[in-house]
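Colleague: I am new to this one. Please take me through the strands and the aromatic rings.

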Amino acid sequence: TVQVTATQFEENAVGAVFGNLSVIDTSFSGNITYTLSGEGSDNFEVVAGQLKLKDTFSANYEVLSSYQFTIIATDDTGHEKSTTHQFTVIDVNDAPTSITLSSTAINENSAGAIVGDLTTTDEDISDSHTYTLTGDDADSFEVVDGQLKLQDNVSANYEVKNSYSVTVTATDSGGLSISSDYTVTINDVNEAPTDINISRTGFMDNTDAAVVGTLTTDDEDTVDNHTYIVSDDRFEVVDGVLRLKAGVTIDNLVEPTVTINVTTTDKGGLT
């Protein structure tokens, strides 16, 4: 019988030496040489009586968990014996290879907004992973049930900051990890105007189409535009200027003050 001292070896070990070969047969004499045959045997070799993987090869448990091939022993006289052995590949923990984030954008003004689902690629398909966050804006985020999200008390404001940087690290059950950098983009959404200003609140009485003042609207959306409606139909807004309509005058003695309501509406319909 051709014997080998070990029939198992760890995956991912290039050129691993795992067993000493010997022959128990009184018919053998002189030097013994070993050759290998059978499917998969071309990945192995015998060096100085030791069975090993070739220096260019490492086994992968997830691809093939065992090998079976024949070891042939031949002595100086050509006497030959062969034995078939099965060799087992020992599964070891593999590091994760990548992290995927399903989305990298969120709308502004949404506290605790979910960015996306985190998925870790790992050759150990039954492995579990935990996530940690680092980077410039890590304090604004958290991972809950495998989802990257803003902290519950945090909402983004596009006009203040339109993107965030965060590094996600996935660590498997064996302590091996991988990290990926992400830029989370903030989507600008329409925001309601917050105030209306007028440059002047007085005008000359008995003046046809008298000009009151220029209207401006405070709106966090700096590139927004606005239209105006006035509650008193004697007035109108032309090119942002509040004025009496043509043919309308007001006498101070009859009406020393006028109270009107001005409504501003942005391009998204918010007022």
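## Strands and rings

Modeller: Strand 3 and strand 6 (residues 50-53) pair in the antiparallel sense over three bridges. Two strands pair if DSSP finds at least two bridges between them, and strands are DSSP runs (E, at least two residues) numbered from the N terminus. This is a predicted model, in which local features need pLDDT of at least 70, side-chain atom pairs count only at pLDDT 80 or more, and totals for chains, interfaces and linings use all residues. Residues are numbered from 1 along each chain as its sequence is written, and side-chain values use heavy atoms, with hydrogens and water left out.

Colleague: In strand 6, what is the bridge partner of Gly-19?

Modeller: Strand 3 and strand 6 are joined by three bridges. In strand 6, the partner of Gly-19 is Leu-51.

Colleague: How many aromatic pairs does the structure hold?

Modeller: Rings of Phe, Tyr and Trp (its six-membered ring) pair if their centres lie within 6.5 Å; planes under 30 degrees apart count as stacked, over 60 as edge-to-face and the rest as tilted. The number of aromatic pairs in the structure is 12.

Colleague: How far apart in sequence are the parts that the pair of Phe-9 and Phe-44 ties together?

Modeller: Phe-9 and Phe-44 form an edge-to-face pair, 5.9 Å centre to centre with 75° between the planes. Phe-9 lies in strand 2 (residues 8-10) and Phe-44 in strand 5 (residues 44-47), so the parts tied together are apart in sequence by 35 residues.

Key: Helix = DSSP H or I, 4+ residues; strand = E, 2+ residues; numbered from the N terminus.
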